[in-house]
Amino acid sequence: MTLALSHFSAAVLFGVFASIVFGITQRSTSHEQIKYGLYCFAMFVGGVFVAGWVMWFLRR
Amino acid sequence: MANSSSGKKSSEATEAAVPLTTMAVLAPAVGWLIPGAGHLIQKRWTRGVLLMGSIATMFVLGLLMQGHVYQPNGGDILDMLGFVGDVGNGGLYILTQVMNWGQGAISHATADYGTKYLIVAGLLNFISAADAYHIAVGKKP
């Protein structure tokens, strides 16, 4: 069985799991963990869009 | 000068104050071997399950994407670092070696994502094991 994800879905899934671990390990209280996890996820997804546009401009 | 030496002494005193309990040794070791288990044995159920789910899912997705599992090697520096990352998966890495998984030829573009998933899952597990240690010594609630 193989899995062929698109670049975007692979990057978003990567962000989801990494954000969960970052949130739990880098903050102490539950509230802070959720906030930091969401912040990391937003940064991951934002980074994907920024990197996408940068590559689009480089290709032109 | 006097400040730096007194600061050094106080940091040494702080390090000496950390108790080396059985749990402080066991939690990171078990956490490395089974992702999330270092938290579970300290009754941090939600954190442990989330860590286990995230790291194990990332690892399985990496294998399903036909990611490459690095072997012990002394060649290219990136291969050596890849191996260090993969070893972070602990028991999951040992399982791939026993079952000979992750050794196929990369046949599509996103397989490279799989390789990265496997490495990052291991690195995240190192962070998770360090967190289990911090909980065990009382640095974190």
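**Group meeting: a two-chain predicted model**

Chain A has two helices and zero strands. Helices here are DSSP runs of H or I with at least four residues, strands are runs of E with at least two, and both are numbered from the N terminus. The radius of gyration of chain A is 14 Å, well over the 10 Å that the globule rule gives for 60 residues, so chain A is more spread out than a compact globule. That radius is taken over C-alpha atoms, and the globule rule is 2.2 Å times the number of residues to the power 0.38.

Before I go on, the ground rules. This is a predicted model, in which local features need pLDDT of at least 70 and side-chain atom pairs count only at pLDDT 80 or more, while totals for chains, interfaces and linings use all residues. Residues are numbered from 1 along each chain as its sequence is written, chains are lettered from A and ligands numbered from 1 in the order in which they are written, and side-chain values use heavy atoms, with hydrogens and water left out.

Back to chain A. Along the principal axes, its C-alpha atoms fill a box of roughly 45 × 35 × 10 Å. Of its 60 residues, 25% count as buried. Buried means under 20% relative accessible area, exposed means over 50%, and partly exposed is in between, using a 1.4 Å probe and protein chains only. The accessible surface of chain A comes to about 4100 Å², and 72% of that belongs to carbon and sulfur atoms. Accessible areas come from the Shrake-Rupley method with a 1.4 Å probe, and for residues only the protein chains shown count as cover.

Now chain B. Of the 141 residues of chain B, 37% count as buried. Two loop residues in chain B have a positive phi. Lys43(B), which is not a glycine, has phi near 65°. Lys43(B) sits in the loop between helix H3 (37-40) and H4, and at 60% relative accessibility it counts as exposed. Gln66(B), also not a glycine, has a positive phi of about 65°. Gln66(B) is in the loop between H4 and H5 and is partly exposed, with a relative accessible area of 25%.

Leu78(B) belongs to helix H5 (residues 77-87) and counts as exposed at 58% relative accessibility. Its C-alpha atom is 27 Å from that of Gly36(B), 42 residues away along the chain. Thr46(B), in helix H4, counts as exposed at 60% relative accessibility. Thr46(B) and Tyr133(B) are 87 residues apart in sequence and 17 Å apart in space, C-alpha to C-alpha.

Next, the aromatic rings. A pair of aromatic rings is described by the distance of the centres and the angle of the planes. Rings of Phe, Tyr and Trp (its six-membered ring) pair if their centres lie within 6.5 Å; planes under 30 degrees apart count as stacked, over 60 as edge-to-face and the rest as tilted. By this rule there are nine aromatic pairs over all chains. Which arrangement do the rings of Phe14(A) and Tyr117(B) have? Their centres are 5.8 Å apart and their planes stand at 65°, so the pair is edge-to-face. Phe14(A) lies in helix H1 of chain A and Tyr117(B) in helix H7 (residues 111-136) of chain B, so this pair joins two chains. Tyr117(B) counts as buried, at 0% relative accessibility. Ring pairs also link Phe14(A), Phe22(A), Phe44(A) and Tyr117(B) into a cluster.

Another aromatic pair is Trp53(A) with Phe57(A), which is tilted, at 6.3 Å centre to centre and 35° between the planes. These two residues are four residues apart in helix H2 of chain A, so about one helical turn separates them. Trp53(A) and Phe57(A) are both exposed.

Last, the largest pocket. Its volume is about 270 Å³. On a 1 Å grid over the protein atoms alone, a cavity is a set of points where a 1.4 Å probe fits but cannot get out, whereas a pocket is an open set with protein on both sides within 12 Å along at least five of seven lines; lining residues have an atom within 4 Å of a point. Grid points are joined across faces, edges and corners, and a volume is the space filled by probe spheres set on the points.

The lining divides into five nonpolar, six polar and three charged residues. Here Ala, Val, Leu, Ile, Met, Phe, Trp, Tyr, Cys and Pro count as nonpolar, Asp, Glu, Lys and Arg as charged, and the others, Gly among them, as polar.
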